[in-house]
Amino acid sequence: MSVTYDDSVGVEVSSDSFWEVGNYKRTVKRIDDGHRLCSDLMNCLHERARIEKAYAQQLTEWARRWRQLVEKGPQYGTVEKAWMAFMSEAERVSELHLEVKASLMNDDFEKIKNWQKEAFHKQMMGSFKETKEAEDGFRKAQKPWAKKLKEVEAAKKAHHAACKEEKLAISREANSKADPSLNPEQLKKLQDKIEKCKQDVLKTKDKYEKSLKELDQGTPQYMENMEQVFEQCQQFEEKRLRFFREVLLEVQKHLDLSNVTGYKAVYHDLEQSIRAADAVEDLRWFRANHGPGMAMNWPQFEEWSADLNRTLSRREKKKATDGVTLTGINQTGDQSLPNKPSSVSSYEKTQSYPTDWSDDESNNPFSSTDANGDSNPFDDDATSGTEVRVRALYDYEGQEHDELSFKAGDELTKMEDEDEQGWCKGRLDNGQVGLYPANYVEAIQ
């Protein structure tokens with residue numbers, strides 16, 4: 001204990017030691033803090049679980065959207081499969097993060113919740129049983145010593161007051177000697193006052209020393225009792241600290257996907273899919289299906305037929321020609337490669353081209369007039385249905401002369417509904433009419 005007295009200001013300055021009366025309350029408060037820390041850790045894990053779930057959902061949505069875009073896009077062959085492998089990776093990683101979320105909530109969160117319930121027992125008055133026991137233990141251990149300390153403080157106060165009174169009496173007696181107006185009887189009274197003050201100083205000093213000695217004699221027992229209660233609190237806190245360490249290690253294992261066999265397999269499979277991409281194989285496939293390797297209905301002499309004079313409309317030219325029978329086909333190139341399943345892109349992967357060709361510029365869709373935008377391939381098409389205003393979700397650059405180009409956020413008018421191949425007919429605000437992918441826009445509410 002450290003107590004000093006300053007005669008000039010008359011105040012007591014005590015230390016912040018554990019042994020001071022009432023300072024055990026910080027140790028008692030630590031028990032309540034332990035319960036709150038359990039709740040804080042549960043909230044921490046709950047928030048992390050929500051993040052894991054949201055990330056898993058975002059990965060799944062990303063994979064779904066881009067799987068559709070790649071399937072409908074112009075990429076083909078083994079490189080397309082390698083690209084699609086990233087969507088599979090995202091879906092598998094999404095599942096792993098959902099497992100992390102489940103582990104955090106079902107294992108770690110519940111474990112903390114159960115331990116908190118077993119370690120802390122709520123009482124009717126709102127406090128915890130463990131807190132009250134520690135409070136009562138410290139109060140009981142400190143009560144005898146605090147009582148003696150109070151006596152010491154009272155004795156010290158009395159002694160210091162007597163010393164102060166003695167000092168004042170001596171000062172008055174010294175001043176009176178210089179005052180000729182005082183008679184001998186008054187001087188004798190001042191001297192008697194000094195004598196009495198000296199006796200009071202001796203008496204209060206003796207009492208102060210005696211009470212301080214009794215306090216010192218009781219201090220060892222006081223320290224022993226306080227240590228005993230403190231150690232009980234330490235043991236309780238040690239259980240909590242060890243439990244927290246154990247739980248945090250479990251959380252670390254659940255969050256560390258690098259040690260999960262399935263996680264490593266995801267990226268092993270992804271790497272294998274990418275390495276399997278073969279440019280030569282893809283070029284051979286494209287040559288056979290869209291290049292010189294395709295079959296050709298070379299011109300031959302044909303008898304007149306009414307069906308041959310039938311002119312296909314633009315809408316019919318866009319449709320698949322699965323039902324058309326070609327005669328006199330001479331196969332060239334490598335036809336052994338299997339055909340790739342058809343899918344929609346900014347230009348159709350299985351787009352068929354008209355068989356009636358002419359060097360007449362008026363029939364050439366790639367003539368300079370069309371290329372410069374002076375004519376519109378849709379001018380002869382009648383607008384059907386109700387026109388709807390739509391907004392672009394993504395940038396799109398037209399790949400063919402009859403396709404529109406726009407930026408994300410641009411608004412245009414949808415003139416016809418989506419056809420079976422995923423394209424819509426629309427008109428830009430500058431009047432240009434053309435085709436665009438239906439899934440690149442959304443209706444304006």
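The legends below describe close-up views of a predicted model.

**View 1. Helices α1 and α2 and the contact between them.**
Helix α1 covers residues 25-72 and helix α2 covers residues 77-119. Their axes come within 8 Å and cross at roughly 165°. Angles over 145 degrees count as roughly antiparallel, so α1 is roughly antiparallel to α2. The crossing of α1 and α2 is left-handed. Sorted by class, the residues in this contact are 25 nonpolar, nine polar and 10 charged.

**View 2. Helices α3 and α4 and the contact between them.**
Helix α3 is formed by residues 129-177, and helix α4 by residues 184-255. The two pack at an angle of about 165°, and their axes are 7 Å apart. That angle makes α3 roughly antiparallel to α4. The crossing of α3 and α4 is left-handed. The contact of α3 with α4 contains 26 nonpolar residues, 10 polar residues and 15 charged residues.

**View 3. The bend in helix α3 at Lys 143.**
Helix α3 bends by about 45° at Lys 143. A proline, Pro 144, follows within four residues.

**View 4. Ala 162 in helix α3, shown with Gln 199.**
Ala 162 is part of helix α3. Is Ala 162 buried or exposed? Buried means under 20% relative accessible area, and Ala 162, at 10% relative accessibility, therefore counts as buried. Ala 162 and Gln 199 are separated by 37 residues in sequence. In space, the C-alpha to C-alpha distance between Ala 162 and Gln 199 is 9.1 Å.

**View 5. Glu 416 in strand β4, shown with Gly 426.**
Strand β4 consists of residues 411-416, and Glu 416 lies in this strand. Glu 416 has a relative accessible area of 11%; the cut-off for buried is under 20%, so Glu 416 is buried. Gly 426 is 10 residues from Glu 416 in sequence. The C-alpha atoms of Glu 416 and Gly 426 are 6.9 Å apart in space.

Notes: Residues numbered from 1 in each chain as written. Predicted model: local features only at pLDDT ≥ 70, side-chain atom pairs only at ≥ 80, totals over all residues. Heavy atoms only, no water. Axes fitted to C-alpha atoms, helices over the stretch in contact; angles between N-to-C directions. Parallel < 35°, antiparallel > 145°, perpendicular 65-115°, else oblique. Left-handed = near helix turned anticlockwise from the far one by under 90°. Nonpolar A, V, L, I, M, F, W, Y, C, P; charged D, E, K, R; others polar. Buried < 20%, exposed > 50% of the residue type's maximum accessible area, 1.4 Å probe, protein only. Bend = angle between axes of the 7 residues up to and from the residue.
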